[in-house]
Amino acid sequence: MRAVIEQVAPAAKLVVRLLYGSGLRLLEALTLRVKDVDFARGQLTIRDPKWKRDRTTMLPRAVTPDMHEQLLSARLRHQEDLAEGWGRVWLPDALARKFPKAAADWKWQWIFPASARWRDREGNEGRHHLHERWCSGR
């Protein structure tokens with residue numbers, strides 16, 4: 001497996017290591033939010049997976065240092081977005097209505113944010129998670 005992981009593009013290595021070490025599906029890994037990582041317990045919470053029930057899985061110790069680095073990188077991007085007046089992520093409708101400020105809160109941000117921002121019809125701008133094609137190199 002190490003030989004396979006070494007062939008993966010550097011930017012995608014952490015995602016691939018998460019898939020291998022925790023049993024996540026690709027989209028589950030890409031849609032992890034900051035609040036879904038519990039370093040103290042060494043676990044990840046997967047929200048609304050295939051069977052519509054949240055579940056937990058292990059956070060492999062081997063990826064913990066890289067996960068901390070990824071979170072630092074994501075936080076810097078989020079702070080830059082906030083400074084530019086954006087810094088929002090998509091939230092399910094009920095959550096977005098119930099907690100209007102949550103979309104800009106750090107704990108709701110994606111661990112693997114996309115490089116480009118989106119803009120909705122009202123002119124609001126935010127950031128999605130990485131797209132699945134990003135990991136395939138296409």
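Biologist: In which sense do strand β4 and β5 pair?

Modeller: First, the basis. This is a predicted model, where local features need pLDDT of at least 70, side-chain atom pairs count only at pLDDT 80 or more, and totals for chains, interfaces and linings use all residues. Residues are numbered from 1 along each chain as its sequence is written, and side-chain values use heavy atoms, without hydrogens and water. Strands are DSSP runs of E, at least two residues, numbered from the N terminus, and two of them pair if DSSP finds at least two bridges between them. Strand β4 (residues 113–119) and β5 share four bridges, and the sense is antiparallel.

Biologist: Which residue in β5 is the bridge partner of W118?

Modeller: β4 and β5 form a hairpin with five residues between them. In β5, W118 has as its bridge partner G126.

Biologist: Which residue in the turn of the β4 and β5 hairpin has a positive phi?

Modeller: Five residues lie between the two strands. The positive phi, about 95°, belongs to G123.

Biologist: Why is strand β5 largely enclosed by the rest of the structure?

Modeller: Buried means under 20% relative accessible area (1.4 Å probe, protein chains only). Strand β5 covers residues 125–129. It is largely enclosed because the buried residues number four of the five.

Biologist: Which strands stand at the edges of the open sheet?

Modeller: Three strands form this sheet, antiparallel, in the order β1-β2-β3. Each edge strand has a single partner, so one side is left without a neighbour in the sheet; these strands are β1 and β3.

Biologist: Which residue in β3 stands opposite I46?

Modeller: β2 and strand β3 (residues 55–58) pair over four bridges. Opposite I46 stands R55.

Technical notes:
Buried < 20%, exposed > 50% of the residue type's maximum accessible area, 1.4 Å probe, protein only.
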